[in-house]
Amino acid sequence: MSKIIVTAVGVSGSGKSNAYGAIMELLKVRRRDSYYLTACGATPEERLRNSGIINRYADINQGFISTGTMITTEFPFAFGGHFRPDVPTYPLLDMPLIDYSGGLLKTMLNEESEEASRLLHRIIDTDVLLLFADANILSEEGGVEPARQQIALEINTIFEILSTERDTDFVSKPRTVLLMLTKCDSSLVPQTLKDNHFHGLVNRALQVFDPTVRFCINQPGWKIAVVPTSTCGDGNSNSWRDNNGVYHSEMTAPPQPYGFDIGILYGVMNELENRVRLGYDDSEEPPEQIEHKSGFVSKFQWRHILQRLAGQENEQISLYRQYVGNLHSILDPLCGTQIIEV
Amino acid sequence: MKPEIFLFSRTPDADYRYLFPLPPHSDAVDAFLQARLEDMQRGQADGTVHFFLSDTDAILVRAVNSGSRDLYARPIFSLEGLYCPAADVRPFWLCLPHVVPGFWSARSIYALLVKDGQTVPLPTTQLLDACAQYSPKNRHAKAIQQAIFAADTPVSFTFDANGLHFSEQPPTQGRTRWQPQNPRQCDIRLTLDRKTKTAHLEAVSHGHMPYPIARSADMARDADGWSFSELESAAAALETELDRRGWQYIPYKGGNA
């Protein structure tokens, strides 16, 4: 099956692991808008095994994932939808998600590590990047610079390095970058920042991640959007900061996560749209009757031209087209309020 | 003996990693520690002490809440223990009864090894001494002592509030099954029965109060008496049987035995 790579990038404590819990809750348990995540695998046995792996980590109703992440875990997910009777209900894409300890980003900048280099290569290969920004830290009184030091330094540096690399796939492929503002329900975020669909907070996040955001805007074909999210849901948690600057939080009601599913669906929508537009699908390589000469058009475009000339469309591509249409109908009304395109 | 301290944990500033790295170790140990890390990730950090023995090395390890918290007030867990290379497994095994109960009941060694976000080296002997001093004198401590000293070779085990659990029964054959130093001595008696015209050989213990040990089958009498070769083969079979059971036939040499 073809694959879509979604990678979360965030420093330690920015909420990645809890975000995975919320994504599973929203897309695996509650299945908003007929889109779902399930275990992937070639055979039923493998799917059952993978489902066991996922369930071991996924029980969001146990509350916060209250300890830091110690080991890297890959969740073998597949993504699908059943929004129309004529669209097959089996999963459309493999969507492996990966959870790791956020300290890896710091490691990546300072020392040589096999794990960190694996993560870097995953970031280079990724289709949808989720950048995590902690709303508590964004709304600290110090303003932009301290927050940038705390949560954005590593991410900005990684983007700076990858964008100036000469022969890399990183910039040559259209990608979607989502800035996830986590912990938006926190009572530590002042009302002025929360007003008007988190207008103030979104602006601040764009300033904090300024080099990254500017890079994404300038890349042709890239999209960047900001999504306010929360694992607990508004009013379900209690947060405070003690004299030493340590953030405490506790859940006071069953979690009502929001935002994460929208982020994932938006990322999938853009990626599928790119695949339809450029006519590629990584599941199988279509035979190329006429040899591609480098220099004029990219390989993607060339394949697309060939398919157009032949007057046929890959079955998978036509499925992508249907998904994109339906996802637009769901997500377009949310733009500007729940998802802010930059 | 040179076991080395290792610690997988985090400081408030830097994320989870080996603060005290393991020396070069075997794949089996690596896989075992990975399983412990997965348990710890799932929140199983009750301090159960694991002694894991691979073909080439051994570790003593436990996952425990260190008592510290990071910048988001999340508890810091610590996977801590001692690594022992192959050459020192035997002495390490013999000092475990003194170390394990104390290691189990003591608080995390994180506080000793990490101060103000910096790692502080600690001599292994100091840790072993502290654990030995901290060992409670209860029945679990006594039981682990007896079990470990009774075992012929090291075996993997876990130690928790319910005491010691071996992964497999440790080999203690030398002590549980009685093996005589010298074969016991016995006589063989030939009995000829005139009424039934049969003969048999019987082995009895040597001494004042002989008791029967083994007996051959009855042999019938031929026309001209019992055949000598048949008696010989019956005696040889009986001696083999006696040998298997740890007895030795002493031929009677006359006189008052």
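User: How are residues and chains labelled, and which confidence limits apply?

Analyst: Residues are numbered from 1 along each chain as its sequence is written, and chains are lettered from A in the order in which they are written. Because the model is predicted, local features need pLDDT of at least 70 and side-chain atom pairs count only at pLDDT 80 or more, while totals for chains, interfaces and linings use all residues.

User: How many residues of chain A are in contact with chain B?

Analyst: Two residues are in contact if their C-beta atoms, placed from the backbone, lie within 7 Å; here 14 residues of chain A are in contact with 17 of chain B. Helix 3 (103-110) and strand 11 (247-251) of chain A each supply at least two residues of that side of chain A, helices (H or I, at least four residues) and strands (E, at least two) being DSSP runs numbered from the N terminus.

User: Which residues of the largest nonpolar core touch the most other members?

Analyst: A nonpolar core is a set of buried Ala, Val, Leu, Ile, Met, Phe, Trp, Tyr and Cys residues joined through C-beta atoms within 7 Å, where buried means that 20 or more other C-beta atoms lie within 10 Å of the residue's own. Among the 82 residues of the largest core they are A:Leu131, A:Ala133, A:Leu178, A:Leu181 and A:Ala205, and helix 9 (residues 260-278) of chain A gives the most to this core, with nine residues.

User: How do strands 8 and 9 of chain B pair?

Analyst: Pairing requires that DSSP finds at least two bridges between two strands; four bridges join strand 8 (residues 157-160) to strand 9 (residues 163-166) of chain B, which run antiparallel. The two strands form a hairpin with two residues between them, and B:Phe159 stands opposite B:Leu164 in strand 9 of chain B.

Conventions. Buried ≥ 20, exposed ≤ 12 C-beta atoms within 10 Å, placed from the backbone.
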